[in-house]
Amino acid sequence: MPPDVFSALANPVRRQLLDALRDGPRAVNDLAGRFELSRPAISEHLQVLRQARLVREEPRGRQRFYHLEPAPLAEVGEWLHPFEHYWHARMRSLRDLLDEQDTDQNSKDARP
């Protein structure tokens with residue numbers, strides 16, 4: 001059974017590979033050079049990303065170039081969307097607390 005997008009993204013190396021592909025296609029040797037892993041290990045990660053349809057492979061002569069296929073990431077965005085409201089509310093609460101502490105500190109500093 002091919003991995004789903006969430007399983008493919010669970011590994012930090014695969015997330016870093018996707019990040020490297022955001023600026024455009026890259027040869028497998030270029031991608032492998034970014035990691036302290038063997039080329040076969042990088043190829044295994046790329047295979048998982050291919051199976052999850054997050055990248056596509058383009059043979060060019062003796063090299064293979066990988067392209068980011070962002071469409072499956074929409075599934076992740078849809079799943080994360082309900083959590084955005086939660087985190088926005090948490091960040092507002094943190095901002096309010098920090099503003100309150102800053103106001104309290106400024107009041108103490110203004111006293112003679």
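This is a predicted model: local features need pLDDT of at least 70, side-chain atom pairs count only at pLDDT 80 or more; totals for chains, interfaces and linings use all residues.
Residues are numbered from 1 along each chain as its sequence is written, and side-chain values use heavy atoms, with hydrogens and water left out.

**Packing of helix 2 and helix 4**

Helices (H or I, at least four residues) and strands (E, at least two) are DSSP runs, numbered from the N terminus. Two packed helices are described by the angle between their axes and the distance between the axes. Helix 2, which covers residues 12-21, packs with helix 4, residues 39-51, at an angle of about 75°, and their axes are 10 Å apart. Axes here are lines fitted to C-alpha atoms, for helices over the stretch in contact, and angles run from 0 to 180 degrees between N-to-C directions. Helix 2 and helix 4 are therefore roughly perpendicular to each other, given that angles under 35 degrees count as roughly parallel, over 145 as roughly antiparallel, 65 to 115 as roughly perpendicular and the rest as oblique.

From helix 2, the residues V13, R14, L17 and L18 meet I42, H45, L46, V48 and L49 of helix 4, where contact means heavy atoms within 4.5 Å. By class, this contact of helix 2 with helix 4 has 7 nonpolar, 1 polar and 1 charged residues; Ala, Val, Leu, Ile, Met, Phe, Trp, Tyr, Cys and Pro count as nonpolar, Asp, Glu, Lys and Arg as charged, and the others, Gly among them, as polar.

**The nonpolar core**

In soluble globular proteins, nonpolar side chains tend to be buried together. In this model the largest nonpolar core has 20 residues, and those with the most contacts inside it are L17, L31, I42, L46, L49, L54 and Y66. Such a core is a set of buried Ala, Val, Leu, Ile, Met, Phe, Trp, Tyr and Cys residues joined through side-chain atoms within 4.5 Å, and buried means under 20% relative accessible area, exposed over 50%, and partly exposed in between (1.4 Å probe, protein chains only). The elements that give two or more residues to this core are helix 1 (5-9), helix 2, helix 3 (28-32) and helix 4, and helix 2 gives the most, with 5 residues.

Leaving aside neighbours within four places in sequence, L46 is in contact with L17, V28, L31, V55 and Y66. V55 itself lies in strand 2 (residues 55-60) and is buried, with a relative accessible area of 4%. Not counting residues up to four places away in sequence, V55 touches L18, L21, L46, L49, R50, Y66, H67 and E69.

F35 is found in the loop between helix 3 and helix 4 and counts as buried at 14% relative accessibility. Apart from neighbours within four places in sequence, F35 is in contact with V13, Q16, L17 and I42; F35 and V13 are 22 residues apart in sequence and 8.4 Å apart in space, C-alpha to C-alpha.

**Salt bridges**

Side chains of opposite charge can pair when their charged atoms come close. A search of the whole structure finds 7 salt bridges, each being a side-chain nitrogen of Lys or Arg within 4 Å of a carboxyl oxygen of Asp or Glu. The table includes some of them.

| Pair | Closest N to O distance |
|---|---|
| R26 and D30 | 3.6 Å |
| R50 and E57 | 3.7 Å |

R50, E57 and R64 are linked in a network of salt bridges.

**Other single residues**

Most residues other than glycine have a negative phi, and most peptide bonds are trans. R53 has a positive phi of about 65° although it is not a glycine; R53 is placed in the loop between helix 4 and strand 2 and is exposed, with a relative accessible area of 63%. P40, in helix 4, counts as exposed at 53% relative accessibility. D4 is in the segment before helix 1, and the C-alpha atoms of D4 and P72, 68 residues apart along the chain, are separated by 9.3 Å.
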